[in-house]
Amino acid sequence: MQLVVARVGRAHGIKGEVTVEVRTDEPELRLGPGAVLLTDPASAGPLTIETGRVHSGRLLLRFAGVRDRNAAEALRNTLLIAEVDPDQQPEDPDEYYDHQLMDLDVVTKDGTEVGRITEISHLPSQDLFVVERPDGSEVMIPFVEEIVTEIDLEEQRAVIDPPPGLIDDQSEVVSSRDTENASAKDDEDSSGADA
């Protein structure tokens, strides 16, 4: 199985180093010296990592055969792809690879069906599950332990405890507003009848 582990950024310096946007929780495993990575576009690779270092909070890599700034700049926006055994698990038991979470059924703690995970969106602050509901609509669920209380890979499900409003249907919000408006109208009608 292939996983995107990084995207090449701009060239750094004149000796062929590039900045990379890391897209893996295990950069030391996937982006270490000697790692051979496929690329998208395929014509740019495969690339072998020669050296890696952190500079000002950014990971810098140098690839075998890339010796100057022009060659490094030519790699800009190239995706770096690692071959991963689909049965491999992350070292931390509370971490998951995207492919393990795709297509899991999402249910609430009381067993109510919410939908199926169709995409995992990696944002700077947190990851989100994009969940397709049975009616075809989508809902975004933050992948944080306060909301996603259990991932059961054997049962192929994710259990959530959503805060109010996260997955409520719009119709429920409208109907509660209509109820409030109707009771306010009843109050006006009854006060008008006394006059």
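Analyst: Start with contact, meaning heavy atoms within 4.5 Å. Leaving aside neighbours within four places in sequence, L61 is in contact with G16, E17, V18, V20, L31, I49, T51, G52 and L80. This is a predicted model, in which local features need pLDDT of at least 70 and side-chain atom pairs count only at pLDDT 80 or more, while totals for chains, interfaces and linings use all residues. Residues are numbered from 1 along each chain as its sequence is written, and side-chain values use heavy atoms, with hydrogens and water left out.

User: Which residues have the most contacts inside the largest nonpolar core?

Analyst: A nonpolar core is a set of buried Ala, Val, Leu, Ile, Met, Phe, Trp, Tyr and Cys residues joined through side-chain atoms within 4.5 Å. Here the largest one has 22 residues, and L31, L61, F63 and L80 have the most contacts inside it. Two or more residues each come from strand 1 (2–12), strand 2 (17–22), strand 4 (47–55), strand 5 (58–63) and strand 6 (79–83). Strand 1 gives the largest share, five residues. Another core, of 17 residues, lies apart from it, with L101, L104, V131 and I160 among its members.

User: How many helices and strands are there?

Analyst: Both are DSSP runs numbered from the N terminus: helices are H or I, at least four residues, and strands are E, at least two. The protein has four helices and 12 strands.

User: Which residues lie nearest the centre of the largest pocket?

Analyst: On a 1 Å grid over the protein atoms alone, a pocket is an open set of points where a 1.4 Å probe fits, with protein on both sides within 12 Å along at least five of seven lines; lining residues have an atom within 4 Å of a point. In this model the lining has 26 residues, of which D25, Y96, D98, H122 and D127 lie nearest the centre. Elements giving two or more residues to the lining are strand 1, helix 3 (98–101), strand 8 (113–122) and strand 11 (148–152).

Conventions
Buried < 20%, exposed > 50% of the residue type's maximum accessible area, 1.4 Å probe, protein only.
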